[in-house]
Amino acid sequence: MKIAIVGLGYVGLSLACLLARQNTVFGLDILPQKVEAVNQGRSPFRDNQIEAFLKDHKGLITATLDPQVALSSADYAIIATPTNSENPSGWLNIDSIETSVERVSIFAPNACVVIKSTVPIGFTERLAKRYPDISLLFSPEFLREGQALYDNLHPSRIVVGYPQAQRGLAKAPSSCERIRSDLEEKAERFAQLLAQAANEKAPGIPQLICTSTEAEAIKLFANTYLAMRVAYINELDTFAEIEGLDSAKIIEGIGLDPRIGTHYNNPSFGYGGYCLPKDSRQLLANYRGIPQKLISAIVESNQMRIAHIAEQITQRDPAVIGLYRLVMKNGSDNFQQSASIIILDQLIKSDREVIIYEPLLDDCAWENCAIISDLEEFKQRSDLIVCNRVDAELSDVSDKVYTRDVWHVG
């Protein structure tokens, strides 16, 4: 079976590695450096399992810049292109998905198209009406950055959604029902494809087949729930910090309630990264005209947390603020929307000198802030060291460190 993966980011490349063990996989991307890296057996980003897979299976995945090469005769075309949002309204940018579906309609009109990118609720249904001759599915991903291939090999659940009867495909209700059943069957087959490629036994992986709109909602509500948990713990920590209480003791105490648990409970500078900020804003945008208070409060809470952290830092009146690491989390090389960068933007506005320690950057400056490549020099020059997640290499200057990381697990 030939499978084309459109977009070789975390989602697309991890899926390519997963499926290439049992299928012929072509990867399509617009960046030559990504294509070259994959074809040479290298990962274009940090993920230990993906790096090991590509090294050990060089040539198993064929990466290309040519859509015709990637898509022609494909049985499945999986779209995993980015849907970043810079729109103040919160709506995701789905241009790359629409472009990809148009290319599939030209080069592989018989392929089953599976959208893996995060999209607004109702998008797949609307797209299906524009392309009535293409089988469209939506299957959300639930991957952790730096653990993308692992999470595909050991999925917590597999969700696949199909559009409901597409308007204009058939006049008779019986024909519409037949089309719906065909799509449902294709959704079940794709779920099985993912399950059989995973290391877990297929019968043991929860599988949910639903409408595409329900699947889109599952993705956005799941990530917004995680954002809510982060925001809740952060607001708890804000209270404890101002009142002089021990956040760790309070969090430990509430976590002993099995209904709450001890996971996802480490205070931070705010939820950041590629998924939670944009997904929560998109869900809020989808609520237009629908009564709600909680969803908007989650978004506003994160903004308030960032402002509070910046204020706590500047109130300590350091002459030189040292920002330790810009990456989203340890083990990652992704800087996109990291909490540290969001805090940096606030600190720059305070007109204080800010220096940065980030070993993954070769540049000498970031946003006019000097990047210090030598850790010892960075420690010496910093009056206050700000870090979202504590690392053991700062243990000798712990008196200088400002963090809200209460567990110090990295």
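Predicted model: local features only at pLDDT ≥ 70, side-chain atom pairs only at ≥ 80, totals over all residues.
Which side chain meets D396 in a salt bridge? Hold that for a moment. Side chains of opposite charge can pair when their charged atoms come close. The structure holds 15 salt bridges. I'll go through a few.

Back to the opening pair. The partner of D396 is K379, with N to O at 2.9 Å. Where do they sit? D396 is in the loop between β13 (384-386) and β14 (401-402). K379 belongs to helix α14, residues 375-381. K379 has a relative accessible area of 5%, so we call K379 buried.

Next, a pair within one helix. R189 and E185 form a salt bridge through their side chains, 2.8 Å from N to O. Both residues are in helix α8, which spans 173-197. They are four residues apart, so about one helical turn separates them. Buried or exposed? R189 is partly exposed, at 42% relative accessibility. E185 is also partly exposed, at 41%.

Now K278 and D279. They make a salt bridge too, and their closest N and O atoms are 3.1 Å apart. K278 is buried, with 5% relative accessible area. D279 is buried as well, at 0%.

Last, a network. Which residues does it link? Salt bridges join D237, E241, R305 and R404.

How values were computed
Residues numbered from 1 in each chain as written. Heavy atoms only, no water. Salt bridge = Lys/Arg side-chain N within 4 Å of Asp/Glu carboxyl O. Helix = DSSP H or I, 4+ residues; strand = E, 2+ residues; numbered from the N terminus. Buried < 20%, exposed > 50% of the residue type's maximum accessible area, 1.4 Å probe, protein only.
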